[in-house]
Structure formats: C-alpha cells, structure tokens
Amino acid sequence: MKEKLLKKFAELFGNTEGTKVYFSPGRVNLIGEHTDYNGGHVFPCALTIGTYGIARKRADRKIHFYSMNLDRFGVVEASLDELANQEAYGWANYPLGVVWAFHEKGYTLDTGFDMVIWGNIPNGSGLSSSASLEVLTGVILCGLYHITDLSMVDIALIGQYSENNFNGCNCGIMDQFAVAMGKKDNAIFLDTSTLHYEYAPVKLKNARIVIVNSKVKHSLVDSAYNDRRQECTDALAALKTAADIETLGDLTVEEFEKHQHVLKDPVLVKRAKHAVAENQRTIEAVAALKADDITRFGELMNQSHISLRDDYEVSCEEIDILVDLAWKTPGVIGSRITGGGFGGCTVSIVENDAVDHFISSIGASYKEKVGHEAEFYTVDIGEGAGEID
Ligand code: ADP
Ligand code: MG
C-alpha cells in the first residue's frame, strides 16, 4: 500500500522527499453498544483494515487533501486562515475538523501540509472509518509538527471533539479511543465515564471474528441516534430523583428495577433498561472471556442483540435477518448488530471450520431474502494508529 500512496503523492505534489506514512485502523465493538454516552463500558478492538495516509509540511498556509477512494473530489484545498466546515470540502471536513480542533486546543500550526489517504474500511457501515480518518489526521499532525505532549488518548479526545463540533455528529468516545489505543489480539475494556481502560486478550481458541456488512444504511440513523441520546438524558434526569447516580452506567439491573417506576414514559423505561443491562452484560462478557468461557461470551452477544432490537430499537429488518441466519448456522458462538444501528454490520464469532459455510450459506440466504449481496470480512485484531515503516 505504501508504494501506491508514495506514487500518488509524487504525482500530485512533485516528489516524496520528507514525507511520512501512517496507518489508522477501523474498529469493531464486540459488546457494549450505545453505552459509551451513558457512562457505561464498551469492549471494542482495532482491526487490521483501516486508513493509510502520507503527508508532508508545506511552506505556505495551504492545506491539501486527496483521497484515493474518492478521486472525484480531486485535491481539496483549504487554508489555515479559514478553518471552517464547507460543504464543498465533502469528506475532507473530517481531517480539516481535526486541524481546527488542534487549533482550538492551543496547538496552532504555523504552515499547512499536503496529505493523501487511502482506506479499506467500508464507509458508513459502523466500522468507524470516520474515527479512523480523524485519528490518522491527529497522528499525522503530531508527527509533522513535532507535537510530543499529546498522548494517544488526547488524540482520541481531539478526534471526538472535532467530530462533535466540526462535523455535527454527537458520537461518544468509543470509536476514536479504540482506533487510537488498539493493541494486536486484544480488545479494550473501557469505562467511558472515567476513561479507565484495560486490555483483554481475545483468545477465541479455534474461532474467528466475522463481520457481515448488510450494505444498507437507513436514513433514520443520524436523527434516531440523537433521539436515543435525548431519551437517555431524560431517563437519567428522572432516575436521579430516586438514586444517587451520575450516569445510567452507575446502576445495576436490580437497582434500575427498583427505581424504574419514576420513569412515566414506557419508551424511556426500555431505553434506560438497555443502557443499564448492556453495561452489566459487557462487564460479565469480559469476565467470561478472561475465564476462557467463549460460550458465555457468545450468549451475552446474542442477548445484546435482542436488547438492541427490542428495547433500544436500533436494529432493522436486514440486520435482524443476518443475525437470525447466524443464530441458526452451526458453529456460530454469538452474533449481534454492531455500530450505531439501522443498517451497517453484524459481528459474529464463528468456529474456524464453520467460517466457509457461514459465508456461503448466509450469503445465499441474505441475497434471496433482501435482494442484494452482503459483504463478509473475516478479521484480525490489529494495532492502534501510528507511523509505519
Ligand atoms: P463510519 O464511521 O461508520 O464508517 P461515517 O458516516 O461516520 O461512517 O463516516 C464515513 C465518512 O468518513 C465517509 O462518508 C467519508 O466522508 C469519510 N471517510 C472515511 N474514510 C475515508 C476515505 N478513505 N476517504 C475519504 N473519506 C473517507
Ligand atoms: Mg463514524
């Protein structure tokens, strides 16, 4: 990949002297969905697919962005003198937002830069290509401008800040954290209320992680995401009148059941129930993994799906078809929706010798039921973002 990037960079910007090359992964969340903005736990891991970037400082104040995935945008030109989101910039608003966020946090760049990227994460499918691109930009800026006092967690937080405030997506911290802090063969058990984290080796013995992209994205996704956040905020405000809590993640399922009568709206009961139970499931799932109990881990993934489908109501027909098919397929240890919802991907744990059948049989049934092909990725857990040789 590096050669392709170098070639493109030279073609666009003359030569490759003084360039640096970086990689930033995508991520998949194994369990703990819609808990990251509720002060709960999440359990994501970085993938070996991701976004590659090559960059070099310029002498003037221009910033150039080029994506080899989106040639039609050509070279997008922005300037350090006008760091504002512009529709015409398209995808480049993600990296530009990170430059803006660096400035907001006091890391002012003196000159601009040229940057070329290429990625192999399906975009808009819940594997966090946006966070990958933001964290990629963060590590590039630290590398090019010799910024040494920002940790990888700081870079994750800056990425989230830019996605929230420059790109208008109210995402939690999970995605950028996983992308920045990933570790080969490990998932990250992260408490999103304290940012305390722990690596847990994902020892699946004779099984693999298989991601299936439904290739649907319902337009509901952004508005519903913001609705869910509001519902959780409302539920928390009401529950605070009964319990001494800061977040929904502070409640156990038993405590929630004791206090849930303060929620007058049955919809809020369902939303809060998911946030509380999913957090507890995540804690239990990590304990199961540590105890080598993959079967229990899989059961908890299945329960997570049911809760997201019935209580949080963020699944959709196509995703439920994929998960139902997976549940009926031999050798599947667990399967659930992953990511924000309303389309995107499922994540499954599948025994090695069942993977080929999983892909062929679910592929055929999905096409027959939905009318288009799903995409399958048998993935490995990789490192977080950084410079590559
Ligand atoms: P997700 O993060 O789930 O993949 P988002 O909608 O949050 O979905 O982010 C996808 C967007 O990120 C794309 O529409 C594009 O603007 C940007 N993006 C991600 N990867 C690339 C890439 N390789 N080249 C250009 N833009 C990209
Ligand atoms: Mg995203």
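This is a predicted model: local features need pLDDT of at least 70, side-chain atom pairs count only at pLDDT 80 or more; totals for chains, interfaces and linings use all residues.
Which elements each supply at least two residues of the shell around ligand 1? The first legend below takes this up.

View 1. Residues are numbered from 1 along each chain as its sequence is written, and chains are lettered from A and ligands numbered from 1 in the order in which they are written. Ligand 1 is surrounded by 17 residues, a residue being near a molecule if its C-beta atom, placed from the backbone, lies within 6 Å of it. S67, W91, G119, S129 and S130 are the closest. Strand β6 (113-119) and helix α3 (129-144) each supply at least two residues of this shell; helices (H or I, at least four residues) and strands (E, at least two) are DSSP runs, numbered from the N terminus. With three residues, α3 gives the most. By class, the shell has six nonpolar, 11 polar and no charged residues. Ala, Val, Leu, Ile, Met, Phe, Trp, Tyr, Cys and Pro count as nonpolar, Asp, Glu, Lys and Arg as charged, and the others, Gly among them, as polar.

**View 2. Helix α2 against helix α3.** The axes of these two helices come within 9 Å and cross at roughly 50°. Axes are lines fitted to C-alpha atoms, for helices over the stretch in contact, and angles run from 0 to 180 degrees between N-to-C directions. The angle makes α2 oblique to α3; angles under 35 degrees count as roughly parallel, over 145 as roughly antiparallel, 65 to 115 as roughly perpendicular and the rest as oblique. On the α2 side, the contact includes Y94, P95 and F102, and on the α3 side S130, L133 and L141. Two residues are in contact if their C-beta atoms, placed from the backbone, lie within 7 Å. Seven nonpolar, three polar and one charged residues make up the contact of α2 with α3.

**View 3. Helix α2 against helix α4.** Helix α2 (residues 93-104) packs on helix α4 (residues 152-165) at an angle of about 110°, and their axes are 8 Å apart. That angle makes α2 roughly perpendicular to α4. From α2, the residues G97, V98, W100, A101 and F102 meet I158, G159, Y161, S162 and E163 of α4. Six of the residues in this contact are nonpolar, three are polar and one is charged.

**View 4. Helix α4 against helix α5.** Helix α5 (residues 174-181) and α4 have axes that come within 8 Å and cross at roughly 145°. The contact is made on the α4 side by M152, V153, I155, A156, G159 and Q160, and on the α5 side by Q176, F177, A180 and M181. The contact of α4 with α5 has seven nonpolar, three polar and no charged residues.

View 5. In domain 1, 27 residues are in contact with 38 residues of domain 2. Strands β1 (20-29), β2 (41-42) and β3 (44-57) each supply at least two residues of the side of domain 1 that touches domain 2. The largest share of that side, three residues, comes from β3. Its residues divide into 12 nonpolar, 14 polar and one charged.
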